[in-house]
Amino acid sequence: MSIREPDVRNERAREADSPPRLQSLKAQVASRELRRRRAETRAIWGGRVAIVAGTLLLWELLSGRVIDPFFVSSPSRVYAAFLQLLFEQELLVHAWYTTLATLGGFFFGSITAIVLAFLVTSVNRLYETTEPLLAALYGIPRTALAPLFIMWFGIGITSKIVIAALFVFFVVFINTVSGIRGTGPQLINLARLMGARDRDVLLKVVLPSAMPYILTALRIVVPTAMIGAIVGEFISAQRGLGFLISRATFEFSTHAAFAGIFVLMLVVVAMNAVIGWIERPLLRWRPRSNVGSSEGG
Amino acid sequence: MIELDNVFRLFLPKRRAVDVFVALEDVSLRVAEGEFVSLVGPSGCGKSTILNLIAGFLQPTEGTVRMRGQPVVTLNRATGYVTQDDTLFPWRTTRANVEFALEVRGVATAARRDVVERLLAQVGLQGFENHYPHELSGGMRKRAAIVRTLAYEPEILLMDEPFGALDAQTKLLLQDQLLRIWEEQRRTVLFVTHDLVEAIALSDRVLVMSRAPGRILAEIAVDIPRPRDVFHIHSNPAFPGLYERVWEHLSKELGAARA
């Protein structure tokens, strides 16, 4: 039984006839545990804040005294650049452009990967046949392909979406395939015996069984999609955070570059939070680690 | 109702080496309608292979498997299978697991609910409808797996060491529940086990198999009247004699395996 805030209404009936000594012991143990957990949460968050604040402070102090701010800028300068970009240079427009390219590539790449993974594994021997070919394609550094995609799809957002999708595709594809192939044959056999048709087996057995793999892949590729979008913007673009950062470095404006990088980080953090929020209800059926189920009826 | 005639089943266990493993050698058996038959025998003697042949997961290399006179050539959907391992769908709650067969057969939600409520109540799983398998104990998972199989009312129940992984007390309780359900419905059951007491307590007949290649060595009719009491089966006057007879056949096979 997990210890939560004691539910007084439910507990009271049962506790009415348990001896008072035991009651007070239970209350003591529960409140001690609660206190311990709160202290732990506080310590963890305190630690995080301290690390960030300490780094910023050290950066601010060292910059100009020990290291040349021309190369590393400083938090106060980055903040000023951030405000300047925000009000004078349409930072939000650039951020939105990159976010769109990232999201577009993320969805386009992962949906294609998932659909292809199901197709390739549903045809007998097709996966075995194509596997080395796919591995060879996967071996090509995708950055090397990016200029070609700019040539094919222009310098607009389409090329960025396609490049981001390319960055995303293989990770999702490979994970989905291993999820599908990892579905227990016994589960599939039993489902069929119970009357499941091919469509039921696919949607009600294979898909849920592969879901943890797919979600893991989706989580991994959020930053990957952004790398793709940024690579595209670095090569050729007229908008986007990649364009902004690359222009800033070109102009030796380190603080503006850092401000752009900071915004990139915020976008990824926000996307991860959204994925986590979508993922939780989908994986509620999985045991949390360390929680073993007890034997006995 | 189930007939195996001169069934041979050979396997190629390794993918590269071509050494053929003979799982079943000339096995013939009959299970009558409504009969409870147990298969006992050393590990790897082909007991599960027999169940897989009847379910239609496997085809015999030679010989015939028939059900009600019809040869089993594809998946035999008149059978229900309870395995030794946990094969509940981990992403489905207890209720959704038990509903599965009815759901894929297109039974309406309301009708499904009724069947599931009744079945879960029958094995004392009320209050656990919305739990996921990992939140249940081993015994509860087994009960859920059994009623999941009963939900679509298969004509034959194939049970492959269903209680093998349970502790002794839980095992007894589940044997008792299974017997009560069986006595009510009189479904045909083919039950694989290593536990001789279990085989005798539950069955009408016990078939003893040889070590691999599997053959049927002996058939022992269990003439203990029903309804039976699994908790006190030892004190039944017929029990020691039956146990001796089964053990006599089996011990020879085990001794031969050791030599």
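Select α4 (138–150) and α5 (168–185) of chain B: each supplies at least two residues to the lining of the largest cavity. Helices here are DSSP runs of H or I with at least four residues, strands are runs of E with at least two, and both are numbered from the N terminus. This is a predicted model, in which local features need pLDDT of at least 70 and side-chain atom pairs count only at pLDDT 80 or more, while totals for chains, interfaces and linings use all residues. Residues are numbered from 1 along each chain as its sequence is written, chains are lettered from A in the order in which they are written, and side-chain values use heavy atoms, with hydrogens and water left out.

**The largest cavity**

Now show the side chains of Val123(B), Arg143(B), Ile146(B), Phe163(B), Leu174(B), Gln177(B), Leu178(B) and Ile181(B), which line the largest cavity. On a 1 Å grid over the protein atoms alone, a cavity is a set of points where a 1.4 Å probe fits but cannot get out, and lining residues have an atom within 4 Å of a point. The largest share of this lining, 4 residues, comes from α5(B). By class, the lining has 6 nonpolar, 1 polar and 1 charged residues. Ala, Val, Leu, Ile, Met, Phe, Trp, Tyr, Cys and Pro count as nonpolar, Asp, Glu, Lys and Arg as charged, and the others, Gly among them, as polar.

The space in the largest cavity is about 50 Å³. A volume is the space filled by probe spheres set on the points, and grid points are joined across faces, edges and corners. The whole structure has 4 cavities of 30 Å³ or more.

**Helices α2 and α4 of chain B**

Axes are lines fitted to C-alpha atoms, for helices over the stretch in contact, and angles run from 0 to 180 degrees between N-to-C directions. Angles under 35 degrees count as roughly parallel, over 145 as roughly antiparallel, 65 to 115 as roughly perpendicular and the rest as oblique. Thr94(B), Asn97(B) and Val98(B) of α2(B) meet Ala144(B), Val147(B) and Arg148(B) of α4(B), where contact means heavy atoms within 4.5 Å.

Go to Pro213(B), in the loop between β9 (205–209) and β10 (216–221) of chain B. The peptide bond from Ala212(B) to Pro213(B) is cis, with omega near -5 degrees. Next select Pro227(B), in the loop between β10 and α7 (239–258) of chain B. The bond from Arg226(B) to Pro227(B) is also a cis peptide bond, with omega near -5 degrees. Then find Asn6(B) in strand β1 (residues 2–11) of chain B. Asn6(B) is not a glycine, yet has a positive phi of about 45 degrees.

**Helix α8 of chain A**

Move to chain A and select α7 (residues 142–153) and α8 (residues 157–181), which pack at an angle of about 150 degrees with their axes 9 Å apart. The two helices are therefore roughly antiparallel to each other. Among the residues in contact are Phe149(A) and Phe153(A) of α7(A) and Ile163(A) and Phe167(A) of α8(A). The contact has 9 nonpolar, 3 polar and 2 charged residues.

Notes:
On a 1 Å grid over the protein atoms alone, a cavity is a set of points where a 1.4 Å probe fits but cannot get out, and a pocket is an open set with protein on both sides within 12 Å along at least five of seven lines; lining residues have an atom within 4 Å of a point.
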